[in-house]
Amino acid sequence: MNGGRHLAIATMTLARNEAEAAVLRDSLRSLAQLNLPTVVADGGSGASFVEFLRSFANFQVVEVASAGVVEQTRQSLRAASETS
């Protein structure tokens, strides 16, 4: 807590192929090292990538059913604001 405020990270992913998955995996490993509550809204990546996301104890994965970056952003931010 900082001055009564809570810090959580909201981000979104969509690994459309293995090349994108590799870049995202590297970036998300670095993000996980911050050890902050992190909400990841995934927009339809494959099962193995979603499993990778779930492997981090500080990550909350939200699988977005409807297509679109706007809804993905909304769900990520909503979930991060509710993180305690």
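Biologist: What makes Phe49 count as buried?

Modeller: Phe49 has 2% relative accessibility. A residue is buried under 20% relative accessible area, exposed over 50% and partly exposed in between, with a 1.4 Å probe and protein chains only. Phe49 therefore counts as buried. This is a predicted model, in which local features need pLDDT of at least 70, side-chain atom pairs count only at pLDDT 80 or more, and totals for chains, interfaces and linings use all residues. Residues are numbered from 1 along each chain as its sequence is written, and side-chain values use heavy atoms, with hydrogens and water left out.

Biologist: Which residues of helix α2 are buried, and how do you know that they lie on the same side of α2?

Modeller: Helix α2 spans residues 47–54, and its buried residues are Phe49, Val50, Phe52 and Leu53. They cover an arc of only 150° around the axis, so they are on the same side of α2. The arc is that of the directions from the helix axis to the C-beta atoms. The face turned away from this buried side carries the exposed residues Ala47 and Glu51. Helices (H or I, at least four residues) and strands (E, at least two) are DSSP runs, numbered from the N terminus.

Biologist: What covers the buried residues of α2?

Modeller: The cover includes β1 (9–13), α1 (18–32), β2 (38–42) and β3 (59–63). Leu53 gives an example: leaving aside its neighbours within four places in sequence, Leu53 is in contact with Thr13, Leu28, Val40, Asp42, Phe59 and Val61. Contact means heavy atoms within 4.5 Å.

Biologist: Why is the pair of Phe49 and Phe52 called tilted?

Modeller: The ring centres of Phe49 and Phe52 are 5.8 Å apart and the planes are at 35°. Rings of Phe, Tyr and Trp (its six-membered ring) pair if their centres lie within 6.5 Å; planes under 30 degrees apart count as stacked, over 60 as edge-to-face and the rest as tilted. The pair is therefore tilted. Phe49 and Phe52 are three residues apart in helix α2, separated by about one helical turn. In general, an α-helix has 3.6 residues a turn, so residues three or four places apart point the same way.

Biologist: What makes Phe52 count as buried, and which kind of aromatic pair does it form with Phe56?

Modeller: The relative accessible area of Phe52 is 10%, so Phe52 is buried. Phe52 and Phe56 form an edge-to-face pair, with 5.2 Å centre to centre and 90° between the planes. Three aromatic pairs are found in a search of the whole structure, and Phe49, Phe52, Phe56 and Phe59 form one aromatic cluster.

Biologist: What lies over the face of Phe52?

Modeller: Arg25 does, at 4.8 Å from the ring centre. A charge sits over a ring if NZ of Lys or CZ of Arg is within 6 Å of the ring centre and within 35 degrees of the ring normal.

Biologist: Which residues have the most contacts inside the largest nonpolar core?

Modeller: This core has 14 residues, and those with the most contacts inside it are Leu28, Leu31, Phe49, Phe52, Leu53, Phe56 and Phe59. At least two residues of the core are supplied by each of α1, α2 and β3. A nonpolar core is a set of buried Ala, Val, Leu, Ile, Met, Phe, Trp, Tyr and Cys residues joined through side-chain atoms within 4.5 Å.

Biologist: How do you know that Ser45 is buried, and with which side chain does the side chain of Ser45 make a polar contact?

Modeller: Ser45 lies in the loop between β2 and α2. Its relative accessible area is 11%, so Ser45 is buried. The side chain of Ser45 makes a polar contact with the side chain of Asp42 at 2.6 Å. The backbone nitrogen of Ala15 lies 2.7 Å from a polar atom of the Ser45 side chain. A polar contact is a pair of N or O atoms within 3.5 Å; within protein, one must be able to donate a hydrogen and the other to accept it, and residues adjacent in sequence count only if both atoms are side-chain atoms.

Biologist: Why is Asn35 called exposed?

Modeller: Asn35 has 61% relative accessibility, so Asn35 counts as exposed. Asn35 is in the loop between α1 and β2, and has a positive phi of about 55° although it is not a glycine.

Biologist: What makes Thr11 count as partly exposed?

Modeller: Thr11, in strand β1, has 25% relative accessibility and therefore counts as partly exposed. The C-alpha atoms of Thr11 and Val39 are separated by 6.2 Å, with the two residues 28 residues apart along the chain.
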